[in-house]
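Me: Please take a close look at one part of this model: the pockets, and whatever surrounds them. Keep it brisk.

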Amino acid sequence: MDRSSAPEPLIKIDCSPRGIGFITINRPKSLNSLTRAMIVNLAQAFKQLEADDSVRVIVLTGSGRAFCSGVDLTAAEEVFKGDVADRETDPVCQMEGCRKPIIGAIGGFAVTAGFELALACDILVASKDTKFIDTHARFGIFPSWGLSQKLSRVIGPNRAREVSLSCMPITAEMAEKWGLVNHVVEKSELLKKAQQVAEAIINNNPGMVLRYKSVLNDGFKLDLTQALQLEKERAHKFYHGMSREEFESMQKFITSRSARPSRL
């Protein structure tokens with residue numbers, strides 16, 4: 001069999017030697033709209049990279065002119081009735097449960113379900129042509145991947161109401177101004193910038209990166225008093241679990257780093 005003639009998978013997984021796992025939504029002729037099978041495969045991709053100890057950071061992106069234009073509405077009933085309550089095949093549930101940092105490299109359109117996938121990432125890098133659009137109200141679709149709750153917590157309730165009830169697009173410039181995305185770059189630099197951010201994360205203590213993401217994300221769901229208590233409890237648990245040798249190793253590492261010229 002000629003493997004070169006086999007079609008590329010609609011959900012691609014690639015891993016770099018540096019520990020970055022890339023997931024690409026790969027249906028460019030349909031602007032990366034999601035079929036039920038793609039949704040299931042996307043959830044499995046996150047589960048696979050979460051379980052892979054060689055992967056430290058995950059980058060989610062789309063091929064072609066769009067990040068993801070939403071669910072393929074020709075299969076709407078199959079998707080919405082079949083998977084809305086199934087956590088195992090729900091990619092957003094898998095993303096929210098992922099211990100590793102997820103960077104969204106968003107190029108072109110991120111529409112409705114695509115917008116929700118972007119909101120499930122921890123860090124967003126967008127190209128200048130990016131547009132985030134919520135079309136739930138336009139097409140009579142009830143949100144189930146978090147858009148109705150997450151967007152207001154990022155950009156504020158008044159802006160979120162306007163975006164979702166009018167279906168107005170958020171441009172990359174607006175998204176950066178409103179704090180929705182971390183960086184806006186040229187389309188040709190999108191993956192490079194995402195990789196730079198990923199490598200900066202990989203350069204840090206791997207265990208603390210996982211713990212820090214967890215306390216950041218879990219604390220954000222609580223009020224400030226509860227979140228501060230959560231931080232204190234986890235800090236005490238972490239330090240009480242360290243041996244004297246681990247403390248000494250940490251001190252030696254800090255001393256060695258302090259002796260180096262600062263790159264900041």
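Reply: First, a term. Ala, Val, Leu, Ile, Met, Phe, Trp, Tyr, Cys and Pro count as nonpolar, Asp, Glu, Lys and Arg as charged, and the others, Gly among them, as polar. With those classes, the lining of the second largest pocket splits into six nonpolar, six polar and four charged residues. Bear in mind that this is a predicted model.

Stay with the second largest pocket. It holds about 680 Å³ of space. Its lining has 16 residues, and Asn204, Asn205, Met208, Met250 and Phe253 are the closest to its centre. Three helices each give at least two lining residues: α10, α11 (224-240) and α12 (244-258). Helix α12 has the largest share, with five residues.

Asp218 forms a salt bridge with Arg234, with the closest N and O atoms 2.8 Å apart. Asp218 sits in helix α10 and Arg234 in helix α11, so the pair links distant parts of the chain, 16 residues apart. Asp218 is partly exposed at 25% relative accessibility. Arg234 is partly exposed too, at 32%.

Now the largest pocket. About 1,100 Å³ of space lies there. Its lining counts 35 residues, and Leu119, Cys121, Asp122, Asn217 and Phe220 lie nearest the centre. By class, 19 of the lining residues are nonpolar, eight are polar and eight are charged. Helix α10 gives the largest share, nine residues. Helix α10 also supplies at least two residues to the lining of the second largest pocket.

Glu96 and Lys150 form a salt bridge, with their closest N and O atoms 2.5 Å apart. Glu96 lies in helix α3 and Lys150 in helix α6, so the pair ties together parts that are 54 residues apart in sequence. The two ends differ in cover. Glu96 is partly exposed, at 48% relative accessibility. Lys150 is buried, at 19%, since buried means under 20%.

Helix α6 also holds Ile155. With 6% relative accessibility, Ile155 counts as buried. Ile155 and Ser243 are 88 residues apart in sequence, and their C-alpha atoms are 43 Å apart in space.

Past α3 comes Arg99, in the loop between α3 and β5 (102-106). Arg99 is partly exposed, with a relative accessible area of 42%. From Arg99 to Leu222 the C-alpha distance is 19 Å, across 123 residues of sequence.

One more pair concerns the approach to α3. The whole structure has ten salt bridges. Among them is Lys47 with Glu88, at 2.5 Å from N to O. Lys47 lies in helix α1 (residues 36-51) and Glu88 in the loop between α2 (76-83) and α3, so this bridge ties together parts that are 41 residues apart in sequence. Lys47 is partly exposed at 34% relative accessibility. Glu88 is partly exposed at 46%.

Notes. Residues numbered from 1 in each chain as written. Predicted model: local features only at pLDDT ≥ 70, side-chain atom pairs only at ≥ 80, totals over all residues. Heavy atoms only, no water. 1 Å grid on protein atoms, 1.4 Å probe; cavity = no way out; pocket = protein on both sides within 12 Å on 5 of 7 lines; lining within 4 Å. Points joined across faces, edges and corners; volume = space filled by probe spheres on them. Helix = DSSP H or I, 4+ residues; strand = E, 2+ residues; numbered from the N terminus. Buried < 20%, exposed > 50% of the residue type's maximum accessible area, 1.4 Å probe, protein only. Salt bridge = Lys/Arg side-chain N within 4 Å of Asp/Glu carboxyl O.
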